[in-house]
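Colleague: Could you take me through this model slowly, with the rules behind each term?

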Amino acid sequence: MGATISRLSEKPNLWPWLLLAPLAIYLAIFFLVPLIDVAIMSFTEPRLSIANYQKVLTGALYQKVFLNTFMTAALVTLACLCVGYPLAYLMNASKPRTAMLILLLVTMSFWTSFLVRTYAWMVLLGNNGPIVAFLRAVGFETPPQLLFTRFSSTLAMVHILAPYMIMNIYSVMRKIDPVLIRSAESLGARGFSLFRHVYLPLTAPGIANGCVLVFVICLGFYVTPVLLGSPREQMIAGLIGHQIEEFLAFGMGSAMAMVLLAITLAILAIYHRRFGLDKLWG
Amino acid sequence: MHQYLQLNGITKTYGDFTALKKVDLTIEKGEFVTFLGPSGSGKTTTLMIIAGFEKATAGDVLVEGKSLSGLAPHERNIGIVFQNYALFPHKTAVENVYFPLQMRGVRRGEGLKKADEMLALVGLGGFGKRYPKELSGGQQQRVALARALVFEPSLLLLDEPLGALDKNLREQMQIEIKRIQRALGVTTIFVTHDQSEAMSMSDRIVVFEKGEIQQAATPLEIYHKPQTRFVAGFIGESNLVPARIGDAAANQAESTALGICDYAPTESAVTDGQDVTLLIRPEHIRLSRNPIEGRKNVRMQVETIVNYGDNALVIGKVGDLQMRVRVLGADVVIIKEGEECCISWQPEAVFVVPR
Amino acid sequence: MRLIGILVIVFIAAPLVIVVPMSFSDARSLQFPPPGYWLGYYRAYFSDMNWLLPTWNSILIATATTVLTMALVVPATFALVRHRFAGKSFADLMMLMPLAVPHIVMAVGYYSFLGDLRLVHTHFGVVLAHTCLSVPIAFLVLSANLKGFDRNLERAAQSLGASPVQTFIHVTLPILRPGLLISALFAFIQSFDETVVAIFISGRNAETLPRKMFDSIRQEADPVIAVISTLLFLAVLVALVAPFAWRGLRSRLAESAPRSASPAGQ
């Protein structure tokens with residue numbers, strides 16, 4: 001509508017550029033330059049070559065870590081979906097008050113520092129913790145080692161990332177018009193077929209959103225796998241940190257970081273083409 | 001005639017699209033003028049140009065002979081009521097009304113007192129301390145009106161202000177706005193797409209279509225003597241019959257469907273053989289079983305009867321031409337759908353639409 | 001379905017609930033349920049500079065990050081939401097990029113980049129890095145608010161005699177205030193919680209609380225962490241519940257008091 005076009009925007013003017021310039025310059029210097037630094041280091045440390053990439057892409061150790069990272073991320077995403085979908089459904093189906101309380105809990109979990117949550121899992125799964133105590137009580141003489149395994153880090157990551165999934169799915173579910181479900185029922189859809197043909201397609205955008213978000217965050221997750229995972233089953237981020245901190249191997253660390261970045265951006269680019277990146281965090 | 005507000009050849013283009021084509025209009029002091037037209041007809045654009053939010057591509061707006069073109073919106077001293085009221089949500093009703101006074105440097109105590117008086121004038125005495133969201137739609141409307149009037153603007157612009165209200169409240173507000181406008185004598189332009197609103201409130205109606213003024217005249221003139229086919233069709237219910245002037249001296253036209261048809265003497269110059277449109281309002285047509293002496297009679301095949309209780313709308317065909325007839329509720333019993341009947345009118349009921 | 005739901009709720013709630021009793025524990029290491037209760041670790045936290053200093057660093061860095069982020073993001077958001085210009089969609093995308101890059105990648109970059117600038121292990125260096133990470137979050141919140149802003153309010157103000165500057169001060173800013181506050185809060189929390197970049201660049205001088213917690217968990221699992229966790233948890237709880245409580249209180253006050261109270265205090 002003509003009436004909504006502002007007077008300023010009719011002729012090209014400098015205002016938007018002036019307003020945008022400080023941030024653009026800032027991001028160029030303090031965001032892009034460090035990234036370019038990583039790219040350069042991946043080729044120049046310790047000397048100019050593509051040896052780092054050759055090692056990262058073909059070395060058995062690195063391949064194993066990449067594979068492990070992918071498997072873990074996929075597993076965490078799947079688990080988040082299995083945990084998140086039923087809860088979102090339950091929230092949507094329950095009374096406003098109950099839904100509100102569950103939402104408060106999820107939000108609180110979301111806002112609680114993930115270091116705190118990681119620590120809590122350490123307590124829960126520790127050798128003096130309640131789960132081991134429970135296992136002892138029901139007859140396990142020597143309970144299995146829970147902490148510092150792939151199990152503990154995966155479980156904690158599911159817990160940390162589940163709120164992303166729940167909120168994404170819930171926000172889509174809440175917008176589904178109940179009349180639509182009722183009319184589908186009146187047309188003969190029930191049980192699984194109702195879910196398969198009505199609910200699932202309608203909530204698909206939320207599922208896609210949640211899965212992409214959880215998967216991408218999980219790929220680059222550093223803290224929790226390092227603190228709770230097994231040292232023998234590292235993920236990429238942990239290995240990058242290890243290379244830098246222990247060996248000061250900036251070339252290798254940078255090359256791995258670039259590969260991780262490329263994979264992450266590729267996934268997000270696919271999402272961006274399909275849905276638009278601003279929707280992902282919206 | 002005292003020309004208070006003048007629009008001189010206002011043109012507005014967006015790229016290739018022409019939103020307004022050389023709009024000329026003069027408005028007298030104290031007049032209540034309605035801009036009427038469908039959405040996209042240019043009425044709101046004209047309003048925004050007067051207010052200064054849009055810049056005309058060509059042409060000028062003058063108030064009392066002085067051009068407004070160099071003035072920013074805040075320098076124009078024009079009160080506006082927006083469609084969604086645009087009340088400041090963080091200010092109470094009285095603070096909203098005080099705002100224009102505050103901007104003009106009126107001291108708080110004095111300004112709030114004046115704002116209170118203005119609220120009382122629009123019938124909201126005692127509601128000053130409420131926030132907009134604590135007021136009903138009609139009350140918000142009144143606050144917006146008070147705010148647009150409190151600084152004694154040279155012009156009041158109302159942009160479809162009643163659109164969001166339900167029917168009863170709307171009628172009440174029509175009367176209310178008219179009362180306040182009369183009491184203050186402020187020159188007012190009211191934009192709407194609702195013809196009944198325009199009819200009931202205006203001193204003068206300006207009908208817009210495709211960026212042009214189709215007609216500017218009093219409500220009765222617009223209704224009874226529409227100057228263009230668009231106005232005839234847009235205002236009220238109408239039967240529009242394509243015809244050709246047969247004998248201009250005898251006020252006779254010929255139409256394929258109706259045959260030779262007498263029309264009311266017209267002020268516009270028409271010549272023999274000119275193609276015109278004849279306007280016959282449905283309420284001026286009578287329906288009967290047999291022809292009535294002294295009237296133009298034609299036979300109509302009745303297709304649909306829509307009953308409204310006190311009256312009914314009968315739709316039928318005269319040859320290929322669809323005709324609509326309004327009849328009183330009691331009269332409708334004489335015919336049924338599918339039957340043939342007689343419709344008739346007097347020559348005075350037939351108006352020649354020149355364009 | 002219901003049963004699964006309840007199990008999920010327990011799964012989500014358990015780790016949040018468990019840290020509170022842990023903080024009152026008198027055990028020397030991770031033991032749950034605690035053998036006894038005391039406030040010793042609270043005393044330990046509030047008297048140990050090894051914990052208080054990182055806390056202070058974090059508050060300082062997060063505050064500076066918030067100020068810098070808002071100073072950069074507010075004008076940029078106005079430009080991106082209110083104006084149309086060539087390259088706008090690209091600019092929109094670039095605003096989100098810091099959110100798309102894994103923090104470990106940025107950490108490697110900052111380690112080298114800030115090292116070159118001799119800013120590694122300084123507060124200023126951490127603030128510079130954190131601001132980049134806070135920009136997209138503040139932008140997302142603020143642009144959503146600004147998109148919902150009714151421009152007719154500004155038009156109304158201008159028609160009522162307010163100049164563009166007066167319009168901004170009297171109308172635009174007060175109405176956007178909640179959005180600005182939330183946006184700033186998000187920027188603050190992002191910086192306060194950020195761990196990975198801080199681990200690599202904050203060093204001992206500018207050590208942040210998350211870095212200290214990370215090191216402590218990795219090395220000794222100091223029970224003081226439970227105290228900090230409880231305090232952080234409490235802060236989140238207050239931040240989440242306070243708006244509801246405040247709204248409830250205000251509406252109750254509004255009901256009990258006649259509407260004669262001066263609106264000046266709002």
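Modeller: Helices (H or I, at least four residues) and strands (E, at least two) are DSSP runs, numbered from the N terminus. This is a predicted model, in which local features need pLDDT of at least 70 and side-chain atom pairs count only at pLDDT 80 or more, while totals for chains, interfaces and linings use all residues. Residues are numbered from 1 along each chain as its sequence is written, chains are lettered from A and ligands numbered from 1 in the order in which they are written, and side-chain values use heavy atoms, with hydrogens and water left out.

Colleague: Which residue has a positive phi although it is not a glycine?

Modeller: Most residues other than glycine have a negative phi. In the loop of chain A between α11 (236-247) and α12 (250-274), however, phi is positive, at about 50°, for A:Leu248.

Colleague: Which residues does a cis peptide bond join?

Modeller: Most peptide bonds are trans. The loop between α1 (15-44) and α2 (51-58) of chain A holds A:Pro46, and an omega of about -5° belongs to the cis bond that joins A:Glu45 and A:Pro46.

Colleague: Which residue of chain A forms a salt bridge with C:Arg218?

Modeller: A salt bridge is a side-chain nitrogen of Lys or Arg within 4 Å of a carboxyl oxygen of Asp or Glu. Across the interface of chain C and chain A the rule finds one. With the closest N and O atoms 3.6 Å apart, the partner of C:Arg218 is A:Glu245.
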